[in-house]
Amino acid sequence: LDRSSAASDVYKRQSQFQTLKSDLTQSRIEDSNAVSIHDGEIAVRIESYAFTANNVTYGVAGDTIGYWKFFPAENNAENKWGCIPMWGFAEITHSKLEGLSVGERLFGYFPAADSLILRPIKVSDQSFSDGKEHRKELPPVYNNYVRLNGDQNYDSSMDAVRALLFPLHITAFCLCDSLAEDSYLDASQVIIVSASSKTAIGLAQGLADAENSPKVVGLTSASNSKFVESLGCYDEVISYDELSNVDYSAGSVMVDMAGNREILGTLHRGLGDNMLKCLTVGMTHWDNETTAEDALGQAMLRDRTEFFFAPAHIQKRIGDWGHDGYAEKTNSFMTARALQSKNWMQVKEIHGLENFISTYEEVVAGKINPNEGIIVNLKDA
């Protein structure tokens, strides 16, 4: 990025990490041409971002929910490539908008790239939204950027935890809140599929803290069972190869973080009418397909299955509680989860987009160490 003059009208995005939309295992790094910065815009240098299985879900749902629309891929005339959004930190390097100064740092939604141009609207001391035309119809929560100078609780030592857990545990908060609002549908157990995922951990911890919540059952791979048991937030942990141990006679709400249709079909068939609702959150097992003709596909109770979209719940609760009320409740939840994460999460730092490629490939292939949190550092690359 050319930083020779903060007043310069031109900057060059050096690199952007892209994924083939039709095959998430394929990726490339593309350089862009010089771009002009117009009045009312800022350019930021992306310092770092977190990468989790949640980002794989963004790729899987890139077309259906619109995640590919946030950051159009460079050099992409045939529209085959996409840029998966990441949560991270950035510094303003160029500004053509009064009130936003060079050197100010931001937290929010960024591409896996080293820079980005934003058009701030709804600017306050605490935050602003990106008003770029192509983002206007996208969920507001993803378009919001926190101005760290205006964040009274900002602690730079928590940057990695914030990038890794904030987006996941906001979803966990919404799930806890939604389930509590529905009185857990009078279920006697909540079954969480992919119990080692960071969103699942936040959900289980939230349910463990809640009053009158049902029994919390975590399903995970045999290799992750000991880790999940060590967390202390699940009442029972069952491995995928022991699904016969699930209490199929109990009224159950399922929360699915994985999208593995083989597991879902087995559980739906076993529970039958005792499966009160299945909330689908993640799709990390994106390559596990079961057609409707398959026995397990037919066993899935699709009329009781719904995709849980956290941004919609966030907007509902902001309407119910106001921004301050929403912030108070979520901050309390997030602080508790951040403190708990010190007991189980180890941050793994990767330097530069080139070094990110191999890690990206491992996560897409499902090779994830559950106690690891991946941060890609571009600042020192």
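Biologist: What should I know about the source before reading anything off?

Modeller: This is a predicted model, in which local features need pLDDT of at least 70 and side-chain atom pairs count only at pLDDT 80 or more, while totals for chains, interfaces and linings use all residues. Residues are numbered from 1 along each chain as its sequence is written, and side-chain values use heavy atoms, with hydrogens and water left out.

Biologist: OK, how many helices and strands are there in the chain?

Modeller: The chain has nine helices and 20 strands, taken as DSSP runs (H or I of at least four residues for helices, E of at least two for strands) and numbered from the N terminus.

Biologist: And what share of the residues is buried?

Modeller: Of the 381 residues, 53% are buried, meaning under 20% relative accessible area with a 1.4 Å probe, protein chains only.

Biologist: Switching to charges, how many positive and negative side chains are there?

Modeller: There are 33 positive and 52 negative side chains, counting Lys and Arg as positive and Asp and Glu as negative, without His and the chain ends. The centres of the two sets lie 3 Å apart, with each charge placed at NZ of Lys, CZ of Arg, CG of Asp or CD of Glu.

Biologist: Now the open sheet: what is the strand order?

Modeller: The order is E3-E2-E6, with antiparallel pairing, where two strands pair if DSSP finds at least two bridges between them.

Biologist: Why is one side of E3 and of E6 left without a neighbour in the sheet?

Modeller: Strand E3 (23–30) and strand E6 (81–82) stand at the edges and each has a single partner strand, so one side of each has no neighbour in the sheet.

Biologist: Which residue of E6 stands opposite Thr19?

Modeller: Thr19 faces Gly82 in E6, and strand E2 (residues 16–20) pairs with E6 over two bridges.

Terms used:
Buried < 20%, exposed > 50% of the residue type's maximum accessible area, 1.4 Å probe, protein only.
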